[in-house]
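This report describes the fold and packing of one protein model. The structure is shown first, and the description follows.

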Amino acid sequence: LWLRWMRQTMGGRAFDAVHFIAHGYALGTAGAMLTTSTPTSLDRLYPQKVQAGELRTFLTHVGADIAGFTTPFDNYSDYGLLKIADELTYVGEDHKK
């Protein structure tokens with residue numbers, strides 16, 4: 001929902017870079033970032049997971065070459081954000097090796 005909202009809010013304009021302030025989340029050996037259920041929600045009980053594939057698609061659609069991540073002070077998983085950043089660096093099937 002968040003990524004769709006961001007694209008709609010920007011009205012088709014391209015981004016050079018996108019910066020996320022989000023909690024990390026470890027999904028086994030994969031990483032993810034967590035968002036609230038909707039952009040206007042303050043409810044942190046039911047976070048939505050965004051994984052590298054979905055984020056890569058979003059970055060491609062908005063034309064962004066750079067994604068940055070900052071963690072809140074009470075971040076759930078540094079590993080999760082580090083892993084999603086790492087997963088974004090791989091293109092195509094190379095990340096499965």
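Contact here means heavy atoms within 4.5 Å. On that basis, in this predicted model, T36 touches W2, S41, D43 and Q48, when residues up to four places away in sequence are not counted. T36 belongs to the loop between β3 and β4. Its relative accessibility is 16%, so T36 counts as buried.

**Sheet**

Strands β2, β3 and β4 form an open sheet in the order β2-β3-β4, with antiparallel pairing. Because β2 (23–27) and β4 (48–51) stand at the edges and have a single partner strand each, one side of each is left without a neighbour in the sheet. From one strand to the next, the twist averages 40°. In general, the strands of a sheet pair through backbone hydrogen bonds, in either a parallel or an antiparallel manner.

The antiparallel strands β2 and β3 (residues 30–35) are joined by 5 bridges. Within this pairing, G24 stands opposite M33 of β3, and A32 of β3 is the bridge partner of Y25. The two strands form a hairpin with 2 residues between them, and G28 in the turn has a positive phi of about 70°.

Which strands does α2 touch where it packs on the sheet? Helix α2 touches β3 and β4, and its direction makes about 70° with that of β4.

**Helix pair and core**

The axes of α1 and α2 come within 11 Å and cross at roughly 5°. An angle under 35 degrees counts as roughly parallel, and α1 is therefore roughly parallel to α2. On the α1 side the contact is made by L3, M6 and R7, and on the α2 side by E54, L55, F58, H61 and V62. By class, this contact has 5 nonpolar, 1 polar and 2 charged residues.

The largest nonpolar core has 17 residues, and L3, V18, F20, M33, L55, F58 and L59 are those with the most contacts inside it. Two or more residues each come from α1 (2–9), β1 (17–21), α2 (52–62) and α3 (78–88). Helix α2 gives the most to this core, with 5 residues.

Leaving aside neighbours within four places in sequence, V18 is in contact with M6, F58, L59, V62, A64, I66, A67 and G68.

**Burial and separation of selected residues**

A52 lies in helix α2, whereas D65 is found in the loop between α2 and β5 (66–70). Are these residues buried or exposed? A52 has a relative accessibility of 5% and so counts as buried. D65, at 73%, counts as exposed. Apart from neighbours within four places in sequence, A52 is in contact with G31, I84, E87 and L88.

| Pair | Separation in sequence | C-alpha to C-alpha distance |
|---|---|---|
| A52 and D86 | 34 residues | 8.9 Å |
| D65 and A85 | 20 residues | 13 Å |

Technical notes. Residues are numbered from 1 along each chain as its sequence is written. This is a predicted model: local features need pLDDT of at least 70, side-chain atom pairs count only at pLDDT 80 or more; totals for chains, interfaces and linings use all residues. Side-chain values use heavy atoms; hydrogens and water are left out. A nonpolar core is a set of buried Ala, Val, Leu, Ile, Met, Phe, Trp, Tyr and Cys residues joined through side-chain atoms within 4.5 Å. Buried means under 20% relative accessible area, exposed over 50%, partly exposed in between (1.4 Å probe, protein chains only). Helices (H or I, at least four residues) and strands (E, at least two) are DSSP runs, numbered from the N terminus. Two strands pair if DSSP finds at least two bridges between them. Axes are lines fitted to C-alpha atoms, for helices over the stretch in contact, and angles run from 0 to 180 degrees between N-to-C directions. Angles under 35 degrees count as roughly parallel, over 145 as roughly antiparallel, 65 to 115 as roughly perpendicular and the rest as oblique. Ala, Val, Leu, Ile, Met, Phe, Trp, Tyr, Cys and Pro count as nonpolar, Asp, Glu, Lys and Arg as charged, and the others, Gly among them, as polar.
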